[in-house]
Amino acid sequence: QTLNQLLVELDGFGSDSGVVCIAATNRIDVLDKALVRAGRFDRKITVQPPTREGRLQILKVHVRDKPLADDVDLEDLAYEMNGFTGAIIANVVNTACLAAAREGRDDISQANFDQAVEAEQLGKILPVDRGEENERRIARVHAGCAVATAILLRDVCKLNFATITPRETNMDGCVALKDFPEVERPNAMTRAIIQRHLRSCFVPQLAEEEHYGFDNLTAAAAPYTARAREIAAMMVTSAGMSFEGSQLNYVPAVDQYEVKDFLRTEAVEMLIRSTTVDRYYRSDIEAREMMEMEHRAARRFVRRQKAAIDAVTDALVEHKTVDWDKMRAILETHAVPEPEFEEEIGKLWVSPEDRDRLEPSTSEPREGAVPATNEW
């Protein structure tokens with residue numbers, strides 16, 4: 001009845017009435033087709049979540065009449081609020097105000113804002129007693145992830161905090177990242193970076209294994225190791241990033257199409273006709289070999305950075321949440337420099353300057369030809 005009334009009202013406007021109807025929705029996929037046909041709501045404008053600069057300006061609007069402590073850094077908060085909309089940012093500010101009032105403060109501190117952001121991302125704290133030994137094991141897993149991210153992926157990731165606090169959406173804690181707009185470009189994730197990402201996914205489980213032994217492993221690091229398999233398969237079968245000289249440098253994974261209906265979306269996958277089962281088998285072997293190589297490199301990393309992982313583990317057990325400032329201080333004290341070259345991996349930090357250049361032609365170019373260049 002409501003839909004019919006709305007359609008009648010829309011059809012009542014003439015083309016020269018000068019009236020524009022605007023509506024908003026978060027679920028355009030479930031709207032009735034009668035609403036979005038030509039002549040009704042036929043123009044779609046996608047509103048993306050605000051960028052870091054947009055979040056900063058929204059944050060300034062919501063805190064302009066609030067008393068802020070001297071340690072509050074609005075720019076840093078804008079980095080932490082990656083993906084937040086204006087309404088969520090307003091809710092974070094209100095939550096920080098309530099936290100400051102509960103503490104009996106006259107102003108809002110950076111810690112109040114950090115706690116509010118963490119609560120918005122992960123949910124409220126749950127009163128769960130896991131025992132000291134279980135907490136230490138979980139802390140070691142997340143400490144391995146945090147150290148690997150801070151060292152191996154320092155050029156594409158910014159750590160926000162690591163936590164083992166049980167919350168509504170995450171009982172075992174996590175490692176959170178800040179917004180890093182400098183790398184949000186199409187060619188940011190090169191093969192060398194993705195290899196380091198693959199290696200870092202093995203570090204949490206190996207940090208646990210090196211301390212407790214293989215027979216005493218748990219599934220605490222399973223989300224990280226599962227991601228490693230996804231990355232290796234993507235590199236071999238989809239991205240053309242297999243080993244040099246591979247015959248499987250580009251193997252489409254599946255022939256996929258989607259079936260969409262009201263409140264339902266299903267993906268149907270089939271083996272493509274141009275690819276044989278044998279090629280799939282060999283591509284799986286290459287993915288496995290790549291995982292084994294990075295697994296060995298990750299073990300060497302864990303043994304080199306044992307002191308840093310131990311120190312971050314102790315800090316997580318003591319404080320439950322360790323922000324980037326504390327993490328950086330720990331790494332500056334306990335982390336050791338990573339080697340620039342390993343026999344099995346090669347050069348660990350590959351940049352455009354390390355690649356082979358085209359050699360300029362010495363022959364006389366044809367008319368209209370463009371000469372080769374050494375410029376990157």
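1. Let me start with a term: a polar contact here is a pair of N or O atoms within 3.5 Å, where, within protein, one must be able to donate a hydrogen and the other to accept it, and residues adjacent in sequence count only if both atoms are side-chain atoms. By that rule, the side chains of Arg167 and Glu118 are joined by a polar contact of 3.4 Å.

2. Some ground rules. This is a predicted model, with local features needing pLDDT of at least 70 and side-chain atom pairs counting only at pLDDT 80 or more, while totals for chains, interfaces and linings use all residues. Residues are numbered from 1 along each chain as its sequence is written, and side-chain values use heavy atoms, with hydrogens and water left out.

3. The overall picture: the protein chain has 11 helices and seven strands, taken as DSSP runs numbered from the N terminus (helices are H or I with at least four residues, strands E with at least two). Of its 376 residues, 37% are buried, where buried means under 20% relative accessible area, exposed means over 50%, and partly exposed is in between (1.4 Å probe, protein chains only). As for contacts (heavy atoms within 4.5 Å), 69% of those between residues at least 6 apart in sequence join residues at least 24 apart.

4. Back to Arg167, which sits in the loop between β1 (159–163) and β2 (174–177). Arg167 is buried, at a relative accessible area of 6%. Beyond its neighbours within four places in sequence, Arg167 touches Glu118, Ala119, Leu122, Gly123, Lys124, Ile125 and Leu126.

5. Lys124, one of those partners, belongs to the loop between α5 (110–122) and α6. With a relative accessible area of 60%, Lys124 is exposed. Its contacts, again leaving out neighbours within four places in sequence, are Ala119, Pro166, Arg167 and Glu168. Between Lys124 and Thr169 there are 8.3 Å from C-alpha to C-alpha, though the two are 45 residues apart in sequence.

6. Next, the helix pair. Helix α6 (residues 132–152) packs with helix α7 (residues 191–212) at an angle of about 150°, and their axes are 8 Å apart. For the geometry, axes are lines fitted to C-alpha atoms, for helices over the stretch in contact, and angles run from 0 to 180 degrees between N-to-C directions. Residues making the contact include Arg136, Arg140 and Ala148 of α6 and Arg199, Val203 and Glu208 of α7. By class, eight residues in this contact are nonpolar, three polar and seven charged; Ala, Val, Leu, Ile, Met, Phe, Trp, Tyr, Cys and Pro count as nonpolar, Asp, Glu, Lys and Arg as charged, and the others, Gly among them, as polar.

7. Which residues touch the most other members of the largest nonpolar core? They are Val147, Leu316 and Met327, in a core of 50 residues. Such a core is a set of buried Ala, Val, Leu, Ile, Met, Phe, Trp, Tyr and Cys residues joined through side-chain atoms within 4.5 Å. Elements giving two or more residues to this core include α6, β1, α7 and α8 (222–237), and α6 gives the most, with 11 residues. Apart from it lies another core of 19 residues, including Leu77, Ala100, Phe113 and Ala116.

8. Two of those core residues deserve a look. Val147 touches Phe301, Gln305, Ala308, Ile309, Val312 and Leu331, not counting residues up to four places away in sequence. Leu316, in helix α10, is buried at 0% relative accessible area. Among the contacts of Leu316 outside four places in sequence are Ala139, His142, Ala162 and Val322. Leu316 and Ile138 are 178 residues apart in sequence, with 9.4 Å between their C-alpha atoms.

9. Arg299 is in helix α9 and counts as buried at 18% relative accessibility. Setting aside neighbours within four places in sequence, Arg299 is in contact with Leu206, Glu209 and Glu210. The C-alpha atoms of Arg299 and Arg199 are separated by 9.1 Å, with the two residues 100 apart along the chain.

10. Finally, two loop residues. Ser109, between α4 (86–102) and α5, is buried at 7% relative accessibility, and its side chain makes a polar contact of 3.0 Å with the side chain of Asn112. Lys320, between α10 and β5 (321–323), is partly exposed at 30%. Its phi is near 70°, a positive value in a residue other than glycine.
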